[in-house]
Amino acid sequence: MTATTEAQSNEAPANEVGRARLRKEDAKLITGQTNWTDNIRLPGMLHMAFVRSPFAHAKITRVDVSGALSQPGVIAAFSGADLAAEQGSLPCAWPVTPDIVIPPHPPMAVDEVRYVGEAVAVVVARDRYAAADALASIDVDYEPLPPVLDIRTALDEDSPKVHEAGNKSYEWVFANGDVEAAFRDAPVVLERSYRQQRLIPCAMEPRSVVAQWVGSEVTLWSATQIPHVLRFALAAFFGIPEQDIRVIAPDVGGGFGSKLQVTAEEVLAVLVGRKVGKPVKWTESRSEGNMTVHHGRDQWQRIRIAADHDGRIRGLDVDLLADMGAYLMLVTPGVPLLGAFMFPAIYKMDAYSFKCTGIFTTKMPTDAYRGAGRPEATFAIERIMDELATELGVDPLQLRERNWIKHEEFPFTTICGLTYDSGNYEAATAKAKEIFDYDGLRREQAERNARGDKVRLGIGISTFTEMCGLAPSRVLGSLSYGAGGWEQGSIRMLPTGKVEVVTGSSSHGQGHETAWSQIVADQLGVPFEDIRVLHGDTQVSPKGMDTYGSRSLAVGGLALVSACDKVVGKAKVIAAAMLEASADDLEFSAGRFSVRGDPEASTSIQEIALATFAAHALPDGVEPSLDSDATYDPDNFSFPHGTHLCATEVDTETGFVKIRAYVAVDDVGVVVNPLIVEGQVHGGIAQGIAQALYEDGIYDDDGNLVTATLADYLVPAAPDLPSYQTSRTESPAGNRLGVKGVGEAGTIASTPAVVNAIVDALRPFGVRDITMPCSPERVWRALQASNGAQSGNGGSA
């Protein structure tokens with residue numbers, strides 16, 4: 001895979017923000033000096049391995065761990081019943097409706113298993129191999145029960161039950177405007193159904209956990225995105241005093257939402273470690289991870305759109321069936337609802353209704369995966385916009401432009417009640433069309449269709465926006481979310497003028513240490529090299545809401561700006577004393593305080609740090625510290641947007657799809673570091689293409705995951721991906737830095753762009769949809785099943 005980027009500017013920025021700095025983190029990452037959780041070695045450390053259910057649904061009638069205890073190197077073994085009194089239930093932090101069904105979710109099954117891979121016993125041994133070998137000596141008797149695998153039939157009266165309360169977890173509805181009138185009076189109404197297949201997160205670093213008790217205190221090292229949330233959960237749900245818990249997320253190799261979780265293995269490491277009185281470690285294998293990392297997506301979407309003859313949208317109606325899996329994990333029920341606010345996307349309309357039904361199945365639970373609800377929504381609306389354009393016989397880009405919010409209309413309150421603070425969809429689309437040569441490719445497509453080429457050209461469009469920077473707390477509270485959306489930041493001014501930045505956001509590959517250094521360098525006027533960023537340890541950074549939902553910069557970065565303001569405010573008082581001037585007469589710029597009208601009378605903030613440390617001549621009542629903390633809770637989400645265009649060539653004889661060109665023009669507000677932004681966009685596009693073409697988490701009729709290895713679950717490698725051409729427009733957000741999120745944008749935009757291109761190529765054959773992933777076999781079968789013109793002659797709308 002290669003990538004090219006349209007130049008944004010030939011001039012190096014005067015400030016750190018906007019500078020394409022190489023990442024501070026990378027030196028250790030590429031030289032093997034990282035400290036992954038699995039690298040941790042403690043004296044006397046033991047290893048855990050789990051017996052996991054081979055059945056999707058079964059009663060547990062007997063668990064006998066005695067055989068394992070006689071195996072070499074084995075120290076202990078426990079069943080779920082052995083831990084039943086203390087293991088409690090894994091938390092769900094998002095009870096989206098008052099009557100939601102949240103079944104108990106023990107970290108280790110006691111009486112019944114509800115998905116293949118659910119833990120039923122644990123072995124503790126001197127090394128991981130002895131622990132794994134001893135698993136075969138544990139006897140477990142099961143009484144199989146019928147699985148529940150299809151959410152479309154799970155609510156039928158004769159369906160087996162996953163839980164005693166039934167298979168329905170909740171129903172959540174939202175409506176605004178007169179939906180009935182919008183559809184009754186509209187001359188054009190379309191209805192489509194789309195499938196969001198189940199995806200399996202495959203972070204580069206598998207999950208791993210180490211727990212060590214010292215007296216009444218426990219330290220937990222985990223490959224997690226959420227050390228602060230995990231600490232709170234261990235205290236609130238498992239009875240360990242919060243002040244006795246330290247959680248450390250060392251170097252973490254990717255997450256994409258899969259490590260936004262309070263996992264069974266984390267809880268069991270803490271409980272088992274306390275029982276055996278030794279440090280314990282567990283690291284998953286890749287196949288174990290595919291079975292037991294929470295999965296993503298898995299929805300059936302029914303979407304209706306009402307429009308006038310000229311294409312103006314009157315109304316939108318969405319009905320989702322969402323697969324919860326066997327249990328509700330940390331934010332499982334809320335993930336589809338994040339998409340509820342994004343189905344209208346960038347478009348104006350008169351009425352909108354949304355319903356989501358959360359349904360239990362005997363599969364691994366779903367939860368947040370890169371984009372979390374917003375890719376699903378964007379896929380459906382962008383797919384049906386192409387369908388509407390075809391129905392009306394207009395160009396799909398023209399239809400979008402006819403309906404989108406114009407740049408002069410910002411800030412704009414959508415039909416969902418969200419206020420988009422900034423954007424310029426016209427500019428992003430115009431730039432994308434130019435780079436892509438949209439008109440030229442449309443002419444080529446018409447020519448190839450006219451001559452009946454066997455390899456057809458398709459053009460796919462995705463004009464998207466997303467809500468990210470997951471906050472503000474009041475909005476999250478109104479949606480029944482169990483926590484806030486604020487973030488904490490601290491600035492420590494060291495005596496030598498160096499700076500320690502402490503952030504509550506927890507990096508797992510985003511480049512926080514670099515970007516945060518750039519922000520603070522500009523705010524305080526200190527050199528980039530003089531700043532160190534600390535994170536991921538609740539004893540170093542005791543407050544935080546962690547990293548997910550593209551919130552780190554838009555929330556965590558702004559917290560640091562506020563903390564820097566406080567540092568400057570404290571320093572100003574001391575500078576006034578040092579310069580024998582009134583604080584009101586001081587100006588602060590580029591790290592120096594100067595007396596207005598007398599620029600020679602000045603001192604740097606780093607000199608003030610040393611004077612504060614010495615404290616020999618501080619004004620009365622001034623404490624000898626510049627250190628400052630700030631907690632930032634934004635008033636609104638951030639709303640990045642963009643236009644992604646994809647050209648595919650589809651072989652009508654084999655079904656093979658080749659992405660010929662891919663252009664992404666994103667607007668993420670002010671860019672702190674262009675290299676980091678490019679990395680996020682490239683990775684996001686790769687994951688979105690993966691859903692469109694390759695990845696599919698498949699269960700057989702007995703509920704076995706048949707894609708449990710990377711030989712079966714197809715994650716694309718570099719040769720499977722195209723070149724990207726990327727560029728940006730800039731509509732600053734309404735916060736002090738003007739920044740928006742970027743981490744999920746590529747994933748949200750790319751999937752519908754690719755699928756729209758494939759369908760566009762095959763429309764002359766009567767193909768209207770292909771269920772993802774669009775493998776050669778599925779494309780070929782869609783062609784065979786098509787009732788369209790067999791010759792395939794004619795143009796494409």
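**A tour from cysteines to cores**

Cys416 is buried, at a relative accessible area of 8%; buried is under 20%, exposed over 50%, partly exposed in between, with a 1.4 Å probe and protein chains only.

Before going on: this is a predicted model, where local features need pLDDT of at least 70, side-chain atom pairs count only at pLDDT 80 or more, and totals for chains, interfaces and linings use all residues. Residues are numbered from 1 along each chain as its sequence is written, and side-chain values use heavy atoms, leaving out hydrogens and water.

Next, pick Cys202. Its closest cysteine sulfur is in Cys774, 19 Å away, again too far for a bond. Cys202 is partly exposed, with a relative accessible area of 22%.

Now colour the aromatics. There are 16 aromatic pairs in the structure; rings of Phe, Tyr and Trp (its six-membered ring) pair if their centres lie within 6.5 Å, with planes under 30 degrees apart counted as stacked, over 60 as edge-to-face and the rest as tilted. Zoom in on Tyr115 and Tyr327: ring centres 6.4 Å apart and planes at 80 degrees, so this pair is edge-to-face. The two are 212 residues apart, with Tyr115 in the loop between strands S5 (112-113) and S6 (119-125) and Tyr327 in the loop between strand S15 (313-325) and helix H9 (335-340). Helices (H or I, at least four residues) and strands (E, at least two) are DSSP runs, numbered from the N terminus. Both Tyr115 and Tyr327 are buried.

Then select Trp172, Phe174, Phe341, Phe343, Tyr352 and Phe354, which form one aromatic cluster. Phe343 and Phe354 turn up again, with Ile758 and Leu762, as the residues with the most contacts inside the largest nonpolar core, which has 142 residues. Such a core is a set of buried Ala, Val, Leu, Ile, Met, Phe, Trp, Tyr and Cys residues joined through side-chain atoms within 4.5 Å. Apart from it lies another core of 40 residues, including Trp516 and Ile676.

Last stop: Ser506, in the loop between strand S21 (499-503) and helix H15 (512-524). Ser506 is buried, with a relative accessible area of 0%. Beyond its neighbours within four places in sequence, its contacts (heavy atoms within 4.5 Å) include Thr224, His535 and Asp546.

Terms used: A disulfide is a pair of cysteine sulfur atoms within 2.5 Å.
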